[in-house]
Amino acid sequence: MKVLVAVKRVVDSGIKVRVKPDGIDLQGVKMTINPFCEIAVEEAVRLKEKKLIAEIVAVTIGPKQGAESLRHALALGADKAIHVTTEARIDQAVQPLDVANILAKLVERDNYNLVLMGKQSIDDDFNQTGQMLAGLLDWPQATFASNIQITDGIAQVVREIDGGLQTVKFKLPGVITCDLRLNQPRFASVPNIMKAKSKPLETIPLDKLGKLHNSIQITKTEAPAIRKGGAIVENVDVLIQKLRNEAKLF
Amino acid sequence: MQIIRNRLMVNHIPRFGFKYMSDSTFLNEEHLQIQKAALDFSKEKMLPYSAEWDKKHHFPKDVLRELAAMGFSTIYVKQESGGVGLDRLTASVIFEALSYGDVTTTAYLTIQNMCAYMVDQFGNEEQKKTWIPRFGTFDAFASYCLTEPNSGSDSKNMKTFAKKDGNDYVINGSKCFISGGSVSDVYLLMCKTSEKDVSCIIVEKGTPGLSFGKLEDKMGWNASPTSMVLFDNVRVPQSNLLGKEGNGFKMAMSALDGGRINIASCSLGGASFAFDLSKDYLHDRKQFGQPLASFQGLQFKFADMATNLVTSRLIVRQAAQMIDNNHPDKTLYSAMAKRYATDSCFNVANEALQLHGGYGYLSEYQIERIVRDLRVHQILEGTNEIMKVIISRNLLK
C-alpha cells in the first residue's frame, strides 16, 4: 500500500509575526514544517512500522526552501519526496482548491491507496484542502483524526468533533486529515537525517500539474487589537450600559 | 529505538532556533537540520530538568542514552567504525544546541565523543570493534584521565606509571578531577610507560587495584560526577594499549583542538540561554515606572552581551571549520576560540545575573546555575592562560 503525505512549510508558531500592509512579513522569518503535517508524517511512519503500508511519499508545494520540510519528512521516515515548485507566496497564493487539484493529479499519476494530511495549516487555517481533495477524487474522508486503525483495506478513524469523539469506517482508498492528539512526532536522529540525503526527491514545476487561480483575494491583514485594560464598575446599571454601548453585546 | 517527545502545544515553547540571536553563519542546510533536531531534544528533554539535576547532583544516564540514540555520542567517529561520521562544525552546532538545555551533561557528552574519537583514530581493529559500538549507545560510559594532583597544565610531568610485567602493564599512580570518575565503565588513561614516553592505556572499571576517591563537591557541573581515579598495582594486558607506546602525547594533542572547540561550544549554549532569559527580563521588570529595557546603562550592557555571544560563536565555528579542513593554523585558532568564547560566555552569563538583580541570585531563576557551570570552562581543557601561551607561541615563533 502506498501513502501520499502532503506537507506545508509555514511560519514557525513560536515567533512573533510582523504584519505588513500586504500580509505577514516572511523576510528572514523562521519557517518550519506545519505541526499537523508533521503529525501526518509520523502517523504514516508508524503505519509503515506496523507493516500496514509499504511506501511513504511526501509532497510539498512551494519555492526552493520548501524542500526543507520534505527533508524533514524523509528524516522522520518517508521513502521518497516530490517537490512541486512555484515562486508564489505559499501563505497567500497557494490556496486549498488549487492544492487539492494538484494533489489529485499526483494521486492519479502514482496510484496511492491513502492520503494523509494535517487538518489545517497554521498560517491560513483553512481546514479545506483534505476535504476538497476527497471530493475531487470521489473518495471517502475522515478529518480531525485522533486515532487511525487499518485492517484488510478498511480504515477505522476516531474523529475529534465538537460533540466528542466519532468513529467512522471506510474502505480504502481515502483521505484522512490529522489532528493534534493523533501522535507525538519523533525527533529526527542524525543517522536518519543523513540517510534522508540519499532518498529520491522528484522536482515538478507547478504548471505541469495545475494552476494557481488566486480565486480568494486577501484584502486586509491586521494584527489583533491590543488588549485594553478593564475597568471596575460601581453598579449593575453601569455594567449594563457598558455592555450595550461599548462592548455592543446587545 | 523510537524517541517519543512531549509537545506542549498550548504553551508552545518556540522550537526552531534559539529564542533570540540565532545566527546561521558557516552553517549549511544539513547543519541547520541537525541543529533543529538537537535544539528540539535539548528544549524538551534537558531544559526542564536541568535545575533538578543540578540540585540533586543527579547524573542522567537515561537521557545520555537517548542522546546516543540521536547519534550524538560518536559524532566525528568514522562511519566505517560505527560512528556517525560528521565533522567538527556539526559537532559544535550540536553541543551548542544541547548545552542550551543543560551545560553539564553536554560537557560529559563531549568527553564520550572525544574518547570514542581516540579509539577510532588510534585503536586497532579489535579495540574499535569492542568499544565504539558500546560508546555509541552509552552502553559504556567513558572517562579521560590526564590531570594529576601535581600536574595540571604541566601534564608532561605526570607520575602515573605503567610498568611492563610479562604480557601485562602494572599501573601505579593517581589522577584527579576526572569527569565520570567512579561511574564510568572505561578509563582512557594517559600515563608514562618510560621516563619520557606518555602512552594511552584502556582500563576498565572493576579491574583489581582500580579505585576512586569520593565524589567531589563542586561549584557547578553538579550533574556530572567528578572524582580521583587511583591505580594501585592495577594489572591490565598490554593489548589494552591504545596506539603505540610513546604516542600518548601526540594522541592527546590531536584530540585537544577538537576538545577545545567542544568545551567552547558548551559555553555558547549556556550563554545563549542566559541571554534569552535576560531579554525577557529586561522587558518584564519595571522600576521607576519603566521597563529595565529603557535604561541606557542596561541597554549598553545588553548590547555588549549580544556582541560577545555572536563573536564567540563566529570564532568557534571558524576554528571548527579549520580543524575540518586541516588548516595549518587550526591549533592557533582553536586556542583562540576556546580562550575567547569561554571568557566571553562566562561574562555574558555573569552580566545576565547582574541584569536580573536580586532575582539573579536565586536558583529558581536559573541564571546562577549557568554562571556556576560556565566558570569551569575557563579552566579545564587547558586553562585560558595556557591558551594564551599556545597563541603567543604560535604567533611569535
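Among the elements of chain B, which has the lowest mean pLDDT and which the highest? In this predicted model, local features require a pLDDT of at least 70 and side-chain atom pairs count only at pLDDT 80 or more, whereas totals for chains, interfaces and linings use all residues. Residues are numbered from 1 along each chain as its sequence is written, chains are lettered from A and ligands numbered from 1 in the order in which they are written, and side-chain values use heavy atoms, with hydrogens and water left out.

The lowest mean pLDDT among the elements of chain B, 92, belongs to helix H1(B) (residues 29–46), and the highest, 98, to H10(B). Here pLDDT is the predictor's confidence in each residue, from 0 to 100, and elements are DSSP runs numbered from the N terminus, with helices (H or I) of at least four residues and strands (E) of at least two. Residues 1–16 of chain B have a pLDDT below 50, and this stretch has 54 contacts in the model beyond near neighbours in sequence; contact means heavy atoms within 4.5 Å. Where pLDDT is low, the predicted coordinates should not be read in detail. For chain B the mean pLDDT is 93, with 95% of its residues at 70 or more. The scores of the model are ipTM 0.78 and pTM 0.87.

In chain A, nine strands form an open sheet of mixed pairing, in the order E11-E10-E9-E12-E8-E1-E6-E7-E13. Two strands pair if DSSP finds at least two bridges between them. Strands E11 and E13 (201–205) of chain A stand at the edges with a single partner strand each, so one side of each is left without a neighbour in the sheet. From one strand to the next, the twist averages 30°. Strands E8 (residues 114–118) and E12 (residues 174–178) of chain A are paired in the parallel sense over five bridges, and A:Gly118 stands opposite A:Cys178 in E12(A). Helix H2 (residues 67–76) of chain A packs on the sheet, where it touches E6 (55–62), E7 (80–85) and E13 of chain A, and its direction makes about 170° with that of E7(A). Helix H3 (residues 96–110) of chain A also packs on the sheet, touching E1 (2–6), E6, E7, E8 and E13 of chain A, at about 135° to the direction of E7(A). Angles run from 0 to 180 degrees between N-to-C directions, and axes are lines fitted to C-alpha atoms, for helices over the stretch in contact.

Strands E10 (residues 154–161) and E11 (residues 164–171) of chain A run antiparallel and are joined by eight bridges. They form a hairpin with two residues between them, and A:Val157 stands opposite A:Val168 in E11(A).

Antiparallel pairing also occurs in chain B, where five bridges join E2 (residues 161–165) to E3 (residues 168–179). The bridge partner of B:Phe161 in E3(B) is B:Asn172. The hairpin of E2(B) and E3(B) has two residues between the strands, and B:Gly166 takes a positive phi near 65° in this hairpin. E3(B) is joined by nine bridges to E7 (residues 226–237) of chain B, again antiparallel, with B:Val236 in E7(B) as the bridge partner of B:Tyr169.

The axes of H9(B) (residues 330–355) and H10(B) (residues 367–375) come within 9 Å and cross at roughly 155°. H9(B) is therefore roughly antiparallel to H10(B), a term applied to angles over 145 degrees. The crossing of H9(B) and H10(B) is left-handed, that is, the near helix is turned anticlockwise from the far one by less than a right angle, clockwise being right-handed. Residues in this contact include B:Phe346 and B:Leu353 of H9(B) and B:Ile370 and B:Leu374 of H10(B). By class, the contact has nine nonpolar, one polar and two charged residues; Ala, Val, Leu, Ile, Met, Phe, Trp, Tyr, Cys and Pro count as nonpolar, Asp, Glu, Lys and Arg as charged, and the others, Gly among them, as polar.

The axes of H1(B) and H3(B) (residues 61–69) come within 12 Å and cross at roughly 165°, and the two helices are therefore roughly antiparallel. This crossing is right-handed. In the contact, B:Phe41, B:Lys45 and B:Met46 of H1(B) meet B:Val63, B:Glu66 and B:Leu67 of H3(B).

The axes of H4(B) (residues 88–101) and H7(B) (residues 248–284) come within 7 Å and cross at roughly 35°, in a right-handed crossing. The contact of H4(B) with H7(B) has six nonpolar, eight polar and three charged residues.

Technical notes: Parallel < 35°, antiparallel > 145°, perpendicular 65-115°, else oblique.
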